[in-house]
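Student: I would like to go through a structure by its labels. For each label, I want the value and the definition side by side.

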Amino acid sequence: MGKPMVLFLCTGNSARSQMAEAFLRQHAGNSFDAHSAGLNPQGVHPLTVQVMEEAGIDVSGQQSKSLNQYLGKTSPKWVIFVCEKAESSCPHVWPFSLQSESWRFEDPVDHAGDELERLMKFRIVRDQIEARILEWITENSIDSVIENQFENKE
């Protein structure tokens, strides 16, 4: 049995969902198959690359992907919406996922301000996403252990 797939969704797949995908790979890539997509892919934002590099994760090779790349072609165990717009625009229940969750983070791409203020907003959102990923891993690793114990008894 392969690793359970987790799909992070947002509007542009340029910042929040890219960060979530990268953090899940970094912290639990051996337990989960992490992916991300957007309703209207905009390319990975340069400040996303910069702030993730500051955190020790290279996302320069990641690409912005369309939701259409996954619809009807994959069966994620979890679909996690990281923005309100994607959640309201997508089906409320992903037809093939076992669970969906909503984690709403501000979009750092839309933040007004000078370059330093925008960079600070990206850092804040990055740190919020990493904290939520670590919490989620803890919650779901316990579930995975229990699930695997039941599967091994059958």
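What follows is a run of questions on the labels used for this structure.

Tutor: This is a predicted model, so local features need pLDDT of at least 70 and side-chain atom pairs count only at pLDDT 80 or more, while totals for chains, interfaces and linings use all residues. Residues are numbered from 1 along each chain as its sequence is written, and side-chain values use heavy atoms, without hydrogens and water.

Student: Why is Cys 10 called buried?

Tutor: Buried means under 20% relative accessible area, exposed means over 50%, and partly exposed is in between (1.4 Å probe, protein chains only). Cys 10 has a relative accessible area of 2%, so Cys 10 is buried. Its place is in strand β1.

Student: What makes residues 5-10 a strand with the name β1?

Tutor: Strands are DSSP runs of E with at least two residues; helices are runs of H or I with at least four; both are numbered from the N terminus. Strand β1 covers residues 5-10, and six of its six residues are buried.

Student: Which way do the side chains of β1 point?

Tutor: Met 5, Leu 7 and Leu 9 point one way, and Val 6, Phe 8 and Cys 10 the other way. In a regular strand the side chains alternate between the two faces of the sheet. In β3, Trp 78 and Ile 80 point one way, Val 79 and Phe 81 the other, and all are buried.

Student: How do you know that β1 pairs with β2?

Tutor: Two strands pair if DSSP finds at least two bridges between them. Six bridges join β1 to β2 (residues 33-38), and the two run parallel. The partner of Leu 9 in β2 is Ala 37.

Student: What makes the crossover between β1 and β2 right-handed?

Tutor: The strands are set pointing away from the viewer; the crossover is right-handed if the path from the first strand over the helix to the second runs clockwise. Here the chain leaves β1, passes through helix α1 (residues 16-28) and reaches β2, and this β-α-β crossover is right-handed.

Student: How many bridges join β1 to β3?

Tutor: Four bridges join β1 to β3 (residues 78-81), again in parallel. Leu 9 stands opposite Phe 81, and Leu 7 has Val 79 as its bridge partner in β3.

Student: What is the order of strands in the sheet?

Tutor: The sheet is open, with four strands in the order β2-β1-β3-β4 and parallel pairing. Its edge strands are β2 and β4 (99-102), since each pairs on one side only. The twist averages 20° from one strand to the next; axes are lines fitted to C-alpha atoms, for helices over the stretch in contact, and angles run from 0 to 180 degrees between N-to-C directions. Four bridges join β3 to β4, including the pair Val 79 and Ser 100.

Student: What span is expected for α1, and what does it reach?

Tutor: The expected span is 1.5 Å times one less than the number of residues. With 13 residues, α1 reaches 18 Å from first C-alpha to last, close to the 18 Å expected.

Student: Why is α1 called largely enclosed?

Tutor: Ten of its 13 residues are buried, so α1 is largely enclosed by the rest of the structure. Among them are Met 19, Phe 23 and Leu 24.

Student: What makes Asp 107 and Arg 16 a salt bridge?

Tutor: A salt bridge needs a side-chain nitrogen of Lys or Arg within 4 Å of a carboxyl oxygen of Asp or Glu. The closest N and O atoms of Asp 107 and Arg 16 are 3.4 Å apart, and the pair forms a salt bridge. The two are 91 residues apart: Asp 107 lies in the loop between β4 and α4 (115-153), Arg 16 in α1.

Student: Are Asp 107 and Arg 16 buried or partly exposed?

Tutor: Asp 107 has 23% relative accessible area, so Asp 107 is partly exposed. Arg 16 has 5%, so Arg 16 is buried.

Student: Which residue meets Glu 135 in a salt bridge?

Tutor: Arg 132 does, at 3.1 Å, N to O. Both lie in helix α4, three residues apart, about one turn of the helix. Glu 135 is partly exposed because its relative accessible area is 43%.
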